[in-house]
Amino acid sequence: MSTIAEIAARLQGYDPQALSATQVGEFLAQLVEPLRETEQVAIFDALDRVLARDVVSPISVPPHDNSAMDGYAFDGAQLQPGQPLELEVAGTALAGAAWRGTAAAGQCVKIMTGAIMPAGLDTVVPQEFTQLLDGDRIRIPPRALRRGDNRRLAGEDLRAGEPALRAGQRLGPAACGLLASLGLATVPVVRRPRVAFFSTGDEILSLGDARREGAVYDSNRYTVFGMLKRLGCELIDLGVVPDRPERLEAAFRDAAARADAIVTSGGVSVGEADFTKAMMKQLGDVAFWKIAMRPGRPMAVGRIGGSVLFGLPGNPVAVMVTFLAFVRPALLRLMGATAPPPPLLKARSQEAMRKKPGRTEYQRGFVSTAADGALQVRTTGNQGSGVLSSMVHANGLIVLHHGQGNVAAGDEVDVMMFDGVL
Ligand code: AMP
Ligand code: MG
């Protein structure tokens with residue numbers, strides 16, 4: 001495990017007073033090491049967990065060639081270009097009840113979706129393409145289909161003996177369904193990360209506290225709680241911690257003893273007269289950064305005991321933005337997830353935006369579909385770093401990159417969508 005100084009020494013152009021958003025990501029990737037402990041869980045409990053080992057298919061899915069349609073199965077070699085085909089119905093194959101007979105030339109088998117293809121038959125004509133003739137005969141019009149149509153091949157989804165899913169995959173609904181399709185009742189997953197979180201500041205009120213002048217209710221603990229919960233972390237809520245050394249020390253020690261990661265808000269900016277930074281420094285190996293970003297800027301990062309520390313700024317929007325930009329990817333890494341971050345979306349800006357090159361800006365955006373079908377994005381009102389309603393009304397963050405300058409209305413911008421994240 002590297003110290004802050006060792007990681008800093010490895011990073012090109014590391015300057016704690018002027019870090020780019022990219023450098024922050026690189027730093028955190030070195031600071032955070034994936035959890036090793038695993039557990040075996042039932043598929044219903046596997047949702048959003050990270051697979052700890054490759055899963056090799058014990059069976060092929062589907063196990064047999066089967067029909068993709070309700071219709072009639074026949075030997076496609078009998079199709080003649082431009083000619084209709086008449087066949088006699090020799091039997092019926094149901095899903096779960098195979099037809100065991102042998103179809104002769106000129107015969108077909110009525111078949112239901114999912115039923116095993118009878119021996120020697122390779123093509124299915126959907127019922128609605130056929131004409132029922134008198135007796136047990138059907139007529140297939142010319143050019144209705146080609147040999148092999150509407151037949152699903154054994155193993156076309158998954159082949160026995162081949163990896164179905166790789167370690168590091170975060171299990172969504174599709175992956176859970178796929179694991180179940182293999183007949184697996186349980187899967188090995190990385191244990192959930194334990195994350196302790198608290199808010200700091202003497203002016204921060206807990207819910208239920210009486211209002212007083214100069215004080216604000218704690219909102220950060222609730223946004224942080226929601227974002228951690230969505231990630232599937234085990235949560236340790238340590239409340240609002242007042243700006244007193246003994247209270248801060250107790251909170252940090254408690255957090256470090258119980259959690260893999262600690263997320264705090266407030267008390268890390270330059271002008272802070274409080275004890276938060278001092279206590280982080282005293283108890284851990286911590287760097288205090290100024291990040292070239294907006295909102296955000298101040299952030300403390302390091303380790304206290306065996307826990308990774310993310311000391312986020314106090315402003316409510318800055319908390320959410322720094323969490324999404326840095327803490328979330330770092331926690332996914334801690335959880336053992338290996339997928340690269342989802343690509344940013346491109347949308348046409350509906351308005352001009354002032355932007356200074358040399359820092360990354362995250363504007364709260366609302367993406368919609370324009371009349372011409374293209375994606376467009378507007379900002380959601382007052383973009384102050386304390387204005388939480390700008391987050392509430394947004395469905396993504398407009399990312400104005402480090403080197404980017406002013407944006408004109410109609411310019412294309414990148415958007416990090418909230419879908420599935422917030
Ligand atoms: P700080 O980073 O501690 O200087 O805080 C910056 C701003 O964020 C101040 O206006 C604080 O009152 C506000 N703030 C800090 N913590 C919280 C919190 N937990 N909930 C709401 N606002 C906060
Ligand atoms: Mg403060």
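In this predicted model, the largest nonpolar core has 54 residues, and F27, L31, F310, F326 and L331 touch the most other members. Helix α7, which covers residues 316-334, gives the most to this core, with 13 residues. Domain 1 (4-37 + 192-334) and domain 4 (345-417) both supply residues to the core, so it lies between these two domains.

F310 shows what such a core residue touches. Leaving aside its neighbours within four places in sequence, F310 is in contact with L28, V32, A261, I262, V263, T264, M299, A300, V327, A330 and L331. One of these partners, L331, is itself among the residues of the core that touch the most other members.

| Nonpolar core | Number of residues | Named members |
|---|---|---|
| Largest core | 54 residues | F27, L31, F310, F326 and L331 among them |

The protein is divided into four stretches of domain assignment: domain 1 (4-37 + 192-334), domain 2 (39-60 + 156-190), domain 3 (66-152) and domain 4 (345-417). Domains 1 and 2 are each written as two segments of the chain. Between the C-alpha centres of domain 1 and domain 3 there are 65 Å.

L207, Y217 and Y222 make a nonpolar surface patch of about 310 Å². Of these, Y217 is in strand β15, residues 216-217. Is Y217 buried, partly exposed or exposed? Y217 counts as partly exposed because its relative accessibility is 35%, and buried would mean under 20%, exposed over 50%.

Notes. Residues are numbered from 1 along each chain as its sequence is written. Chains are lettered from A and ligands numbered from 1 in the order in which they are written. This is a predicted model: local features need pLDDT of at least 70, side-chain atom pairs count only at pLDDT 80 or more; totals for chains, interfaces and linings use all residues. Side-chain values use heavy atoms; hydrogens and water are left out. Domain bounds come from an automatic or database domain assignment. Patches are made of residues with over 30% relative accessible area and no salt bridge: like charges are joined within 9 Å, nonpolar side chains (Val, Leu, Ile, Met, Phe, Trp, Tyr) within 5 Å. Accessible areas come from the Shrake-Rupley method with a 1.4 Å probe; for residues, only the protein chains shown count as cover. A salt bridge is a side-chain nitrogen of Lys or Arg within 4 Å of a carboxyl oxygen of Asp or Glu. Helices (H or I, at least four residues) and strands (E, at least two) are DSSP runs, numbered from the N terminus. Buried means under 20% relative accessible area, exposed over 50%, partly exposed in between (1.4 Å probe, protein chains only). A nonpolar core is a set of buried Ala, Val, Leu, Ile, Met, Phe, Trp, Tyr and Cys residues joined through side-chain atoms within 4.5 Å. Contact means heavy atoms within 4.5 Å.
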